[in-house]
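Good morning, colleagues. Please have the display open as I speak.

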Amino acid sequence: MLKIERATFPKDAQVVADLFLGYIDFLFKRSPEERKNILKKYDPEKIDDLVEGFAKDHGRPNGELLIAYLDGKPIGCGMMREMEPGIAEIQRVFVTTDARGLGAGKAITLALMDRARKDGKTIVRLDTGRALVEASGLYEALGFEERSPYHQDTPYLDHLIRYYERPL
């Protein structure tokens, strides 16, 4: 049975780290020619710092960090944060290879959207890699529309990114 739970820190730090290392590996496999640029943003050698940052940036009350479990085993995660009043950003939705196709990515995304709505947000944004065609398909099926870039956090990755937005 699929279950989505809020991550708590420091208890869930290792689970988030393990899932995120899987996410980094997935990005390397999908865009091997961009390994150097991906490492600029997500260095696996600095996973503890990354997870600490996620806990801070996506923790309550201004965000959410969720873990998906299937029969008690962690299979995915997703994060949401406030960008500005009324606007939330969904980030780093990831599902392990063996759990893809079971609806976990959709469930995580919907739960993050619901949390943003409950937090009073009226717009949600996200970006995803051009090579992550399954993610783009999911977001478009959920009513996200492609838009112009809404941030310049990683200009060295702009050629790899699609930006989306939808009202809540």
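Let me begin with a question: is Val124 buried or exposed? Before I answer, please note that this is a predicted model. Val124 has a relative accessible area of 0%, and it is therefore buried, since that term applies under 20%.

Val124 lies in strand E5. Leaving out residues up to four places away in sequence, Val124 touches Ala88, Ile90, Met113, Phe144, Tyr164, Glu165, Arg166 and Leu168. One of these deserves a separate remark: Leu168 is 44 residues from Val124 along the chain, yet their C-alpha atoms are separated by 6.8 Å.

Let us now turn to the strands around this residue. Strand E5 covers residues 123-129, and it runs parallel to strand E4, residues 87-95, with 4 bridges joining the two. Within this pairing, Val124 is the bridge partner of Ala88. Helix H4, residues 104-118, belongs to the arrangement as well: E4, H4 and E5 make a right-handed β-α-β unit.

E5 is also joined to strand E7, residues 161-167, by 7 bridges, and here the two strands run antiparallel. In this pairing, Leu126 stands opposite Tyr164 of E7.

A second residue of E5 is Thr128. Thr128 counts as buried because its relative accessibility is 6%. Apart from neighbours within four places in sequence, its contacts are Ala135, Ser136, Tyr139, Leu160, Ile161, Arg162 and Tyr164.

I return to E4. Why may E4 be described as largely enclosed by the rest of the structure? The reason is that 9 of its 9 residues are buried.

Gly76, for instance, has Val95 in E4 as its bridge partner. E3 and E4 form a hairpin with 2 residues between them, and in the turn Gly86 shows a positive phi of about 85°.

Another positive phi in a residue other than glycine belongs to Asp71, at a value near 50°. Asp71 sits in the loop between E2 and E3. With a relative accessible area of 63%, Asp71 is exposed, because that term applies over 50%.

Next, the helices. How do H1 and H3 lie relative to each other? The axes of H1, residues 13-30, and H3, residues 47-57, come within 10 Å and cross at roughly 110°. The two helices are therefore roughly perpendicular to each other. H1 contributes Ala13, Val16, Ala17, Phe20, Leu21 and Ile24 to the contact, while H3 contributes Ile47, Leu50, Val51 and Phe54. The crossing of H1 past H3 is right-handed.

Finally, I draw your attention to two cis peptide bonds. One joins Phe9 and Pro10, with omega about 15°, and Pro10 lies in the loop between strand E1 and H1. Another joins Arg60 and Pro61, again with omega about 15°. Pro61 is found in the loop between H3 and strand E2.

Thank you for your attention.

How values were computed. Residues are numbered from 1 along each chain as its sequence is written. This is a predicted model: local features need pLDDT of at least 70, side-chain atom pairs count only at pLDDT 80 or more; totals for chains, interfaces and linings use all residues. Side-chain values use heavy atoms; hydrogens and water are left out. Two strands pair if DSSP finds at least two bridges between them. A crossover is right-handed if, with the strands pointing away from the viewer, the path from the first strand over the helix to the second runs clockwise. Buried means under 20% relative accessible area, exposed over 50%, partly exposed in between (1.4 Å probe, protein chains only). Contact means heavy atoms within 4.5 Å. Axes are lines fitted to C-alpha atoms, for helices over the stretch in contact, and angles run from 0 to 180 degrees between N-to-C directions. Angles under 35 degrees count as roughly parallel, over 145 as roughly antiparallel, 65 to 115 as roughly perpendicular and the rest as oblique. A crossing is left-handed if the near helix is turned anticlockwise from the far one by less than a right angle, and right-handed if clockwise.
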